[in-house]
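Have a look at the model first, then read on.

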Amino acid sequence: MSRKIFTRDNVQHFLISNAVPIIFILLSAFAIPVSKFSGQYLVQEMLVRLSRDSFLVLSLLIPIMAGMGLNFGMVLGAMAGEIGLILITDWNIMGIQGMVLAMIISTPLAVILGWMCGSILNRAKGREMVTSFILGFFMNGVYQLVVLYGFGKVVPIRNPQLLLSRGFGIRNVTNLEGIRKCLDNFIPLNIGGVSIPVATFLVIALFCLFVLWFKNTKLGQDMRAVGQDMDVARSAGIEVEKTRVISIVISTVLACYGQIIFLQNIGTMNTYNSHEQAGMFAIAALLVGGASVAKATIPNVFVGVVLFHLMFVVSPMAGKYLIGQAQLGEYFRVFVSYGIIAIALALHAWKRYKDKERARRSLRGNA
Amino acid sequence: MKRILQFIERVGWPRVIIAIFLLSLFIAAPFVRVRIDASISDTLVRFGMNGVMVLAMVPMIQAGCGLNFGLPLGIIAGLVGAVTSIEMGITGLAGILAAMVIAVPIATLLGLGYGILLNKVKGGEMMIATYVGFSSVAFMCIMWLMLPYKSPNMVWGYAGAGLRTTISVEGYWDRAISNVASFNFGEFFYCPTGMFLFFAFMCFLIWIFMHTKTGTAMTTVGSNPEYARSAGVDVDRMRIISVILSTVLGAIGIIVYQQSFGFIQLYMGPFYMAFPAVAAILIGGASVHKATILNVVIGTFLFQGILTMTPSVINSLIETDMSEVIRIIVSNGMILYALTRVVKVRS
Amino acid sequence: METPDPIGGILLNKRMTVNLGLVILFAIIAILLYNSGKGYNLLLDNQTVTINGVTFEPTGTVFVSVDDGEPVELWVDDRGMATVKGKKHVLKIEVLDEDENMVLYSVEKRFSIDPEKGTLFSIPAIIAGSSEWVIPKER
C-alpha cells in the first residue's frame, strides 16, 4: 500500500473540502501588499481581534454539534451581556470586578433567553436557521423596547450620563471606560512593540479545554447523537428536545460572555447596534475557517477569525490603492461576508439534498 | 360564541389580534387629534405602493420554494431599470414603461440563475435566499459606484461619477401611475386610483396564470411534489418558473413603489425590503406553503395600516416615538409565528 | 430517585441543594465584586470648613495622593478629585512649609468609604487628626 501523502486524490480532496479558507488565503496574499499595511501592524491587529472575537465564534460550536445549524440566536446572548454592562456602568463598578459582575448578573437573563430560543427552535424543526435568524431580529425589537423605553422608567437608572435627555432610555453610546481592557491588561505582556492580552487568551484557552471536555461527557455524546440523527437518538432513549434546548442555552450564555469580552476590549458600546454585527461576523468567520453547517472544530474558529479579519482590515485600503475608492473596499468586504455565508449554506443544503436523494433512491430500489 | 371561536381558530389568533389592534387605532385616531382622512389616505397610498411586492411572494410559496427572502434580487433589476430610464431622460408613463421594459428581462435572467440555485438546495431555500439577497445588494453597492451613468441629477456632483444614494424621480415619473384617475377630497385626502388599478390588474394577471395549466401544475408541485412528478410534471422547471415570476414581480413592484415614494433608493436601501413583504403576506393568512391573492390584499392592508397608524396615534398618546420598535416586533413576530406552525406530515 | 432530605421543612433532593448552594455562592461573589469594584469620586477640599461645630483651617499648600498615586497639588481653597475603586484606601497628605518648597510633615490616613456619609473630604480636618473628616452633604 502506497504511503505517499501527496497523492493526486488526497490533494484534490484537501483542496475541495477546504475551498473557502484557501480562497481567502489567496485573496489576502494578493490584497496585503496592495494595502501597504506593515507586517507589525497586521500582527498586532490580528492578535487583538483573535483575543476579542474568538470567544463569540467559539459559542457557535455546540449548537452545530447538536445539529441545530448556525445559531443566529447568539444575538440574544449578546443582548443579555449588554444589559449586564449597562447595569454595572450605572452602578459604577470598575475594572475586572465590573466585567465579572456583568457576567454574573447577565447569566440568568441569558439562560432564560436561550431556553426561550431553544423552545421556539424545537417548534420549527428543519427550519432552525431561518427561525433563529428572524428571532434575532424580533428580540432586537424587544431589546429596544426595554432599553429605549423601560430603562429609566421601570428599571431605575441613577447615572444621568447614561440616559437620554428626555429622562428615560439609554443613550446610543454607552461609555465603558471603567472596564476598558480590564481583562486584556490583567496580565500585560509586550514583545517587540506588540502587546499581548495574556489573560484574555488564557480565558479562551480554558474555554477550548471546556469544549473538548464537554464533547466527552454524557451530555456531549447525547448532543452528537441528536446531531447525527434525531430519530435514532430518540429511540436510544435520549431526550431529544431537552438536549437541543440545552445546547442553545449553553451557546447563548457563552455568546453573552463573548460579547462582554468583546466590548471590554473596545471600551465603548453602541447600545443598539453592537450586537447586530456580532452574530453575523462570528458566523462568517467560522465559515471562512472551513467549518460547515454540520461540522465545526476549534481550529476552524481561530483560522476563521484570522482570515476573516485579515480581509476585513485589508479590503478598504486595498480598494483605495487598487481602484481609487476606499468605499469600494468596504462594500467588497460586506459582499464577501454575506457571500461566504450564502456559499456555505448552499454547499451544505446541496449536500444534504443529495444525501436524501440517494437514500430515497435506495428505498425505491433504483426506480 | 362557539362559531366565533371556530372562526378565530381558523384565521389564527395573531391575525385577529392585529386586526383588532388596527381597528382600535383607527377609532382612537380622532380622539388624539389625528386626522382620519389623512390617515386613511396614507394607508391607501402605502397599500398601493407595497401591493405588487407582496404579490411577488405568491408564486414561490405556491411552488413550495418557501418565503422569498431573496426579493432584493428582483428589486435590484427594477432599480437598474428605473435608473436607466432616468438616464435616458424619459418622463411620465412612458418613463415607467421604459423602466419596466428594461427591468423585466434583467429580472428574468436573475430569476433563472436564482431558480437554478434553489433547485439544487431543496429544503434550505429560505436561508440561502436571504443571503443571496444580501450578497447581491452588497455586490450592487460596488456596481452602483462603478457603472457609467452620467445624468447630473443622479451622480455625485463632486466626483462626477458614481450614483448617489437617493435619487429623486421628481420631474420624471413621480406619481405617474398613482395620478391616473386619482382624486382629492379636501386638503388631506388623496386617492391614488391609478396605483390601485395597476395593482388590481397585476392581481388579475396572476390569478389567471394560477388557473392556467402551468399555474395549477405549479401549485401541485408545491403541495405534493411526488404526485406532480408521477403525473409527468417537470418539478424543477415549475420551480424555476415560479422563481422567475416572483423576481419579475419584485422588479415591477419596486418601480411602482418608487413612483409613489418619489425616490429611488440605491446601495443598502433594498437590503431589508424582503421582510415587510414576507410579514405582510403572512399577516394576510398565508403560510409557508400556501398563499392566495386574498392573503396579499388583506395582509398588505393590515400591515401597512399598522405602519401608518401606529406612529401618529401612539406617539400622540404616549408622546414617545415607538413606531420603529413596534414595526420590528410586529413584522418579525408574524414571520416567527408562521415559521413555528407545525407542518402536517405529507406522504 | 434519591430520597429527598428535608431542610427547614421544605423537601429538597441532593441536586436542588447543590443548585441552591451554587446560587448562594454566586450571590456572595457578586456582592464582593460590587463592593470591591465600585468606583467612587473622592472630592478633597482644602478650605475652611465647620464640621459638627468644630472649625478647621487649611495649613497652606499641600500635596495629596491616594493609594501611592500621583500627588496632586492643592492650594488654599482648592478642591481636588480622585477616582478610586473599592472602599478601603490610604490618603497621604504632604504639608509644605511657607515658601512651598519643603515638605514639613506628612499625614497618612487609612479610611473606608461610607457611601451614606459621602465622599467630600476635608483636608484640614484630616491634618488636624479629627475623627470627623467627611463634610456632610447639604440638605
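## How the chains meet

In this predicted model, 36 residues of chain A are in contact with 30 residues of chain B, where contact means that two C-beta atoms, placed from the backbone, lie within 7 Å. On the chain B side, α6 (92-120), α7 (125-146) and α14 (323-339) each supply at least two of the residues that touch chain A. The largest share, 13 residues, comes from α7(B). Helices here are DSSP runs of H or I with at least four residues, strands are runs of E with at least two, and both are numbered from the N terminus.

Two pairs of chains are in contact, and chains A and B share the most contacts. Chain B and chain C have no contact at all, and their closest C-alpha atoms lie 33 Å apart.

A word on bookkeeping: residues count from 1 along each chain as its sequence is written, while chains are lettered from A and ligands numbered from 1 in the order in which they are written. As the model is predicted, local features need pLDDT of at least 70 and side-chain atom pairs count only at pLDDT 80 or more, but totals for chains, interfaces and linings use all residues.

## A two-faced helix in chain B

Helix α2 of chain B covers residues 13-28, and its end C-alpha atoms are 22 Å apart. An α-helix has 3.6 residues a turn, so residues three or four places apart point the same way.

Buried means 20 or more other C-beta atoms within 10 Å of a residue's own, exposed means 12 or fewer, and partly exposed is in between, with C-beta atoms placed from the backbone.

Elsewhere in chain B, B:Ile252 sits in helix α11 (residues 235-261). B:Ile252 counts as buried because it has 26 C-beta neighbours inside 10 Å. Leaving out residues up to four places away in sequence, B:Ile252 touches B:Val52, B:Gly78 and B:Met100.

## Chain C

Chain C has two helices and 11 strands, and buried residues make up 16% of its 139 residues. An automatic or database assignment sets the domain bounds:

| Domain of chain C | Residues |
|---|---|
| domain 1 | 5-36 |
| domain 2 | 39-127 |

The C-alpha centres of these two domains of chain C lie 42 Å apart.

Three strands of chain C form an open sheet in the order β8-β3-β11, with mixed pairing; strands pair if DSSP finds at least two bridges between them. Its edge strands are β8 (79-85) and β11 (120-122) of chain C, each pairing on one side only. Strand β3 (residues 39-45) of chain C pairs with β8(C) in the antiparallel sense over seven bridges, and C:Leu42 stands opposite C:Ala82 in β8(C).

Terms used: Expected span 1.5 Å × (residues − 1).
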